[in-house]
Amino acid sequence: MKHDRIHFGADYNPEQWPREVWPEDIRLMREAGVTAVTLGIFSWASVEPEPGRHDFSWLDEVMDLLGEAGIAVSLATGTASPPTWFSRLHPETLPVNRDGVRLSPGSRQHYCPSSPVYREAAAGLAALFAKRYGTHPALALWHVGNEYGCHVRECYCEVSTEDFRAWLRARYGDLDTLNDAWSTTFWSQRVSDWADVLPPRTAPTFRNPAQELDFRRFSSDALLACYRAEREVLRELTPGVPITTNLMGMWEAVADYPSWAPELDVVALDLYPEPKDPAAHVDAAFFHDQMRSLGGGRPHLMMETATSAISYRPPNRPKRAGLNRLWSHQAVARGADGVMYFQWRASAGGAEKFHSAVVSHGGSDNRIFRETAALGAELAGLRDVAGTRVPAEVALVFDYANWWSLELDARPAELRIPERVRAHYLPLWRENVTVDVVTPEADLSGYRLVVVPNLYLCTDEAAANLRRHVEGGGHLLMSFFSGIADACDRIRLGGYPGAFRDLLGLRVEEFWPLSGGETARLDTGRQADLWADHIVPEGAEVLARYVDGPLAGEPAVTRHAFGAGTATYLGTRPDERAMRELVRDTLRRAGVRPVAFGLPEGVEAVRRGDRLFLLNHNDHPVLAAGTELAPLGVAVLKEGR
Amino acid sequence: MKHDRIHFGADYNPEQWPREVWPEDIRLMREAGVTAVTLGIFSWASVEPEPGRHDFSWLDEVMDLLGEAGIAVSLATGTASPPTWFSRLHPETLPVNRDGVRLSPGSRQHYCPSSPVYREAAAGLAALFAKRYGTHPALALWHVGNEYGCHVRECYCEVSTEDFRAWLRARYGDLDTLNDAWSTTFWSQRVSDWADVLPPRTAPTFRNPAQELDFRRFSSDALLACYRAEREVLRELTPGVPITTNLMGMWEAVADYPSWAPELDVVALDLYPEPKDPAAHVDAAFFHDQMRSLGGGRPHLMMETATSAISYRPPNRPKRAGLNRLWSHQAVARGADGVMYFQWRASAGGAEKFHSAVVSHGGSDNRIFRETAALGAELAGLRDVAGTRVPAEVALVFDYANWWSLELDARPAELRIPERVRAHYLPLWRENVTVDVVTPEADLSGYRLVVVPNLYLCTDEAAANLRRHVEGGGHLLMSFFSGIADACDRIRLGGYPGAFRDLLGLRVEEFWPLSGGETARLDTGRQADLWADHIVPEGAEVLARYVDGPLAGEPAVTRHAFGAGTATYLGTRPDERAMRELVRDTLRRAGVRPVAFGLPEGVEAVRRGDRLFLLNHNDHPVLAAGTELAPLGVAVLKEGR
Amino acid sequence: MKHDRIHFGADYNPEQWPREVWPEDIRLMREAGVTAVTLGIFSWASVEPEPGRHDFSWLDEVMDLLGEAGIAVSLATGTASPPTWFSRLHPETLPVNRDGVRLSPGSRQHYCPSSPVYREAAAGLAALFAKRYGTHPALALWHVGNEYGCHVRECYCEVSTEDFRAWLRARYGDLDTLNDAWSTTFWSQRVSDWADVLPPRTAPTFRNPAQELDFRRFSSDALLACYRAEREVLRELTPGVPITTNLMGMWEAVADYPSWAPELDVVALDLYPEPKDPAAHVDAAFFHDQMRSLGGGRPHLMMETATSAISYRPPNRPKRAGLNRLWSHQAVARGADGVMYFQWRASAGGAEKFHSAVVSHGGSDNRIFRETAALGAELAGLRDVAGTRVPAEVALVFDYANWWSLELDARPAELRIPERVRAHYLPLWRENVTVDVVTPEADLSGYRLVVVPNLYLCTDEAAANLRRHVEGGGHLLMSFFSGIADACDRIRLGGYPGAFRDLLGLRVEEFWPLSGGETARLDTGRQADLWADHIVPEGAEVLARYVDGPLAGEPAVTRHAFGAGTATYLGTRPDERAMRELVRDTLRRAGVRPVAFGLPEGVEAVRRGDRLFLLNHNDHPVLAAGTELAPLGVAVLKEGR
């Protein structure tokens, strides 16, 4: 799709409705200001109702209707959910779980990511779409598959096992290297034949953590290979049409998105912030920042979101009046060039019929449709925002291998990346400091400050990268349990944190995780919990010490001048207020300026292109930067005002 | 069994005891006033210890002993638990769960309900019983199987799959109709070959809800077919002997009992109210009302209950002195012509040895036996109550398809039918208004008021039926989320609640389910929670509005004059007091008179035939309708007194 | 190993490290005062990297290095974790769970305990070790397998099924006896062919409890047979070398240890008290007492414990300074002749890398190593304690069959043996009374008092044994729900508690388990909960009665003079204070004298040989028996002082 406007639209599933409804759909789309729809995501069984018998007539008709109405089509290849006949003819394509249970068709995403049979059939279907619609005027974007890994992230079948072996061969070359990488002398797990290499199926107790980690890496790659198989076909047949698939904006380690992003022509995001959650908009901000960063700063699309209630988290709370508008503007502010809903018309049957839509079960004479149509008109007015960029001086390091490994069994404490990342992102958001979300190996040259939440596992390259950043005058804020393991989940020996001792100017002698409700007071008057490193400074200055708890008198927070920069280290989890103070202090030191100063709490400010977006997440009116904002209100100000 | 007395007795399992014990059993039965026993429920392995080798000698002897003692026998066909050799010779008869695990013998009920092998073997055994005992003077009733579906409600094996397909063929005729009924265009689930139709086995995410619902309907029918296979044989060989099986009085959607009831000559109820639960007697009242209504008002039997502690809900609290007497009288008051216990003599071994019995492990010199024997004598004095009826002017609508579908995944809120039905039944019970429990399609002509708790799914016939009831001058009380879906779980489009908009005189624009502890105040001074419909009145009068919460100012409770009657609608869950006031008001309006007025709280009054039963569920004495009732006391008053 | 010193050491896994590290290990071992190491536990894949290809060279080298350093070796047979090639070549040796899922290799202990293929291979490997190292000067002890049953306690595969049948044949002889023992007339479970006898796989509902119980007995024996298979080979080839395996000191019914102990030349204990648990030291005391008693009073070894944090219970709290010293002295005080750690050097990779060790990831320049080395020196000074005994006048009855059966489904209340045993052990520990932990059939002649926590299941022999003890002048303290069932989990009929009515001088008419938070007051001013027997005294004196609750006015605690002794009975669970008073009173009556009087709370006193150990579990200093003890301090006083 062209970045010549803020696109507005929805998933459109006309095959669920009789032909008579389609013209009415087009009429309402125009009324709502729809510029684009995603078509055909679950169309496989409709375009190929029996093996080899195809019926594209209905789709031809819909494409024409949309084209005539000037609505751009993000056309899906229909491969997200194979037809029932496909599973019957190729039962080995059904995924198998850790216990060996082969999953049944009857929901969606019931395919083994490693299956060559599935991949070929999917590529074949994509080719049919490409040949038939490649030159259709309505075609604007290919949408491959759908929400890869949302339900089936891993498969433990024999086909996957073979594929896993091939992947490991490519990664490690020989078994000696694999044995070394997996530390197989522990518990007598040494492998002497490739046939002995297995996925981490249900076993008597904790599995080999390096095997678990590699299996997740492999599974992400196996899903990506599904995408690539279709993409190759599409690129060859329709070289000018951009291609994407929709990534998930949620706190689950679905796949290693940084390795996916270069394969997408535009990054597309499915985002379902929870209306019941008072902090949902902060998470949403994070995911927009992540997606924008995955695209290297280029605009992304919010490919799916809900107009109101979401179906799978009962109670399904609707979005109150104004909330969808607010969150849609947030998307645009943070880099999206499109706001699209799942779905256009609420389904009458099936598993998601209580998911809100643009057109409800009751029709269009209601709040949801009216609000959506008004928003469509409003976004049309932001045409010149499209294609512009969102500047950021701070980078937050976020790594999937670290996420996967940190949450494996038998870590010193049950740390969870979502909580850990949120704890670092929230104070930055509150300060109205825009953040890019980057890998540990990313080019950090543009950033004044790099924030590193709990990077347990890190590559040598990442360690050097962060070191270089500080040495060259950058600043760093890092939390405990970072730099402990290498890429194979092997401890970096010789004193924690092996990768960062010199950078941080300290040694951690022991980890003292705190129990459930246990807290420790700091000499700054604040509290901490969850974890306490026993820090032995080796050059670092102590910013805070424990007053009580198991490490009373010992350092809790330190700062180390290193090269031309500084590295601040948190050996514990300070309370929210302390965290905010520390972040504020570090920002000041790094010379990072917020987008706007002195805004009331709950007001988000983002600069995009020449616009300043002010978003009031409060249910009361506020005065922000001289502008009055209604409850849940939005202002888009031209810069220079 | 003849309805010439209130039967009193127990399950009798003499095969667990040496012959010497049997005469002592008979002696104690006489002492306890036992008139009937259920014999042979788990006798298959005893009467056919090896394939084809039968041994009925012990049963002959017991039948004769009972016959000589004048004790009627409800004779089981012994098919509830196949012998171990049967499972070994026919492993395909063992049930398979959703994950594909084939269950093992070694507990009970280990048969696939669709298995023709099991059904034939069971019918064959029933025939042997019929031929041998069909003319035995002690035989009073055939007891087929036992607690169908108590543990194995559904089977996912290949045999069941084939049977499910046949059932669907019979229901829908062709695949187009099935695809339409199951809304299979959603998620690309269209079926083009009957071989693709599967039971809802474990899948990547939510299954097709219409498939889930039909599978439960089918599973109920498959169990019923087991019953019918035996019943046909018995009816042919012993045409004069009544036949039944025992239904479960519990808050689980075991099977669609309304379709079972016409197949039973007398409705038999297994009822285990929990002595720990202070509201157990209200649930018990409900289940008696349900069973009486299933029999069309004819007396039912309480086929199983406990003299004291129940074994499977640890801690197993005994019934305190008087409680068994009270609850047994409640059964009679609400229409039972029999009070029977599981079991006569507490087992020394096996999984239920801590279930109380008439004769305990310690023998008969104890409280339980003494109380039971006294009760036996007392019930003998109620001989002329047998066969009489319990009048009711209120009907409560209760539907299994609605129950199954409402509790499927991804509903707007996690509503649970047990809670929802109890919330409507309790205020009626407290007002001492007797209630029939009916299907939505039942003949409602005799009722002044029909109460409809949350009838999410309803057939067109049901919708017309309720409409007709109000039009003709009846009254209706209905709760939110009713009339939303048709029999295939497809939304009735055009505005909620599709089936009842004109009847209720309103439209519901959106559902606003409330979160966990969230409440909303009403302008009546009461509170509500769980759910809030956004109601747009279209003729209905507003009885209460929200004062706060997400729908402040909007209607919460409405009433609509429709034809000659009224339809009252609750768009939320009011608190208990508000619910009671509303029910009281609706009863007044409908002209329903309680069985008795002005009784103390906790006293239950039921009219049966010419008797008024007064049951004091309090642990203190009360004066009720001029009668003094001891704690847990009972009075059975001749009417006209 | 010789009992000529308090051994000090660790599991040593040199195969995880390059050869260069080994001399450094030896140097540090000497520095730390290490006298012994356990070698080779997970060495199978290292000594036999491919089927039939052996490589002992590295082990030869390590044995020599240790021998030269004068460090004794507890040499493992390496059979705890078969190599991956073994599982591939013999997939039928992988264990199968209750649902039929075959577990995968990739963690450890992945073998079916009944597998003849595994047993033969393990014995073969043991023979290779024996032949190669049987005369090596460093060899001091054979360590067979490792932590049998820690993860795989039971297997439900076909091989296990056949083995279970053979075991049952040996136990019961014929099917009639089996049917009787298993009470199979209940639920039609009569078995007429050995082929019908199955392990208790997943079934529709509660399994036969006697089958469950026998399967656990069998599974313990199957594991023991694995140990014995190796032991036979070792004994034959190296008759002079003692043999053991390490038992688990944890609150799980791993295996019937009393039947294992006679097969071990020295009892070895793996003990991981939880640093987060403030009562961990009391549990530790119990397990030392149990292990010492299993060895008939002979010293045991603490074969594994942690220097600091444990890896599998996140958060992994380290042991604070002094705690490891304190707990190590506790081991010695209660009979251990060795204190050994898992492990010598913390692993860099694998599932347990965050388990603390003697040498940490950071090396030896830290608190843990310094404390450990200091302890090594200190224990060297206790050389003459080695081999001495710990006297006890009180026996606590602890039985695995009772444990297994009491926790099966559908008991009157959910009693848990760990809580029950702790409730009886704690007041004895607080009184500084040393306790032996014995089977119900043990020789009780040396004990003044026998404490019997909730012995639901007991053999006739046990009943006679306890009776004889009291008759002969001993004293007894027994808790409710004892003596109810025989060894086959069949109720002892004729009145509870069948096995002990005459001994206790009472009858229990009904069990009245109390619900969740429910309590009953006693006329002693104390409270009780969990359970209330309805006691009818038949000779017993009433010590306390219920003031309220369901049994108000009835006896709660009784005492019966029987023969020359007394039997005190608790029909409920008194609160902690009441329990302590009762225990104190019973000790006085039995003439039992504590090790020391008038110690401050939290100070443990144990006599071993001619030493009095005083252990201060408080975090403050105390004055105990005239000795000043620092926080977590230890004093070892020569008796006669």
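Strand E15 (residues 519-521) and strand E16 of chain B pair in the antiparallel sense over three bridges. Two strands count as a pair here if DSSP finds at least two bridges between them. The strands themselves (E, at least two residues) and the helices (H or I, at least four residues) are DSSP runs, numbered from the N terminus. Everything here comes from a predicted model, in which local features need pLDDT of at least 70 and side-chain atom pairs count only at pLDDT 80 or more, while totals for chains, interfaces and linings use all residues. Residues are numbered from 1 along each chain as its sequence is written, chains are lettered from A and ligands numbered from 1 in the order in which they are written, and side-chain values use heavy atoms, with hydrogens and water left out.

Let us stay with this pair of strands for a moment. B:Thr519 has B:Asp529 in E16(B) as its bridge partner. The hairpin of E15(B) and E16(B) has five residues between the strands, and B:Gly525 takes a positive phi near 90° in this hairpin. E16(B), which spans residues 527-537, is also joined by five bridges to strand E14 (residues 506-511) of chain B, and these two run antiparallel. B:Asp529 has B:Arg573 in E20(B) as a bridge partner. As background, strands of a sheet pair through backbone hydrogen bonds, either parallel or antiparallel.

Now look at another sheet in chain B. Which strands form it, and in what order? Seven strands make an open sheet in the order E11-E10-E12-E13-E19-E18-E17, with mixed pairing. Strand E11 (435-438) and strand E17 (541-545) of chain B stand at the edges with a single partner strand each, so one side of each has no neighbour in the sheet. On average, neighbouring strands of this sheet are turned by 20° against each other, direction ignored. Strand E10 (residues 394-397) of chain B pairs with E11(B) in the parallel sense over four bridges, and B:Ala395 stands opposite B:Asp436 in E11(B). Helix H14 (residues 417-430) of chain B packs on the sheet and touches E10, E11, strand E12 (449-452) and strand E13 (475-479) of chain B. The direction of H14(B) makes about 170° with that of E10(B). For such angles, axes are lines fitted to C-alpha atoms, for helices over the stretch in contact, and the values run from 0 to 180 degrees between N-to-C directions.

Chain C has a sheet to explore too. Its three strands lie in the order E21-E22-E25, forming an open sheet with antiparallel pairing. Strand E21 (603-608) and strand E25 (634-638) of chain C are the edge strands, each pairing on one side only. The twist from one strand to the next averages 15°.

Next, see how the chains meet. Between chain B and chain C, 53 residues of chain B are in contact with 49 residues of chain C, where contact means heavy atoms within 4.5 Å. These two chains bury about 4,200 Å² between them, 59% of it on carbon and sulfur atoms. Buried area is the accessible area (1.4 Å probe) that two parts lose on being put together, summed over both. In chain B, B:Arg317, B:Phe354 and B:His361 lose the most area to chain C, together 16% of what that side buries. The rule finds five salt bridges across this interface, each being a side-chain nitrogen of Lys or Arg within 4 Å of a carboxyl oxygen of Asp or Glu. B:Arg367 and C:Glu510 form a salt bridge, with their closest N and O atoms 2.9 Å apart.

Finally, turn to chain A and chain C. Here 49 residues of chain A are in contact with 52 residues of chain C, and the two chains bury about 4,200 Å² between them, 59% of it on carbon and sulfur atoms. In chain A, A:Phe186, A:Trp187 and A:Pro204 lose the most area to chain C, together 17% of what that side buries. The rule finds five salt bridges across this interface. The side chains of A:Asp489 and C:Lys353 meet in a salt bridge at 3.1 Å, N to O.
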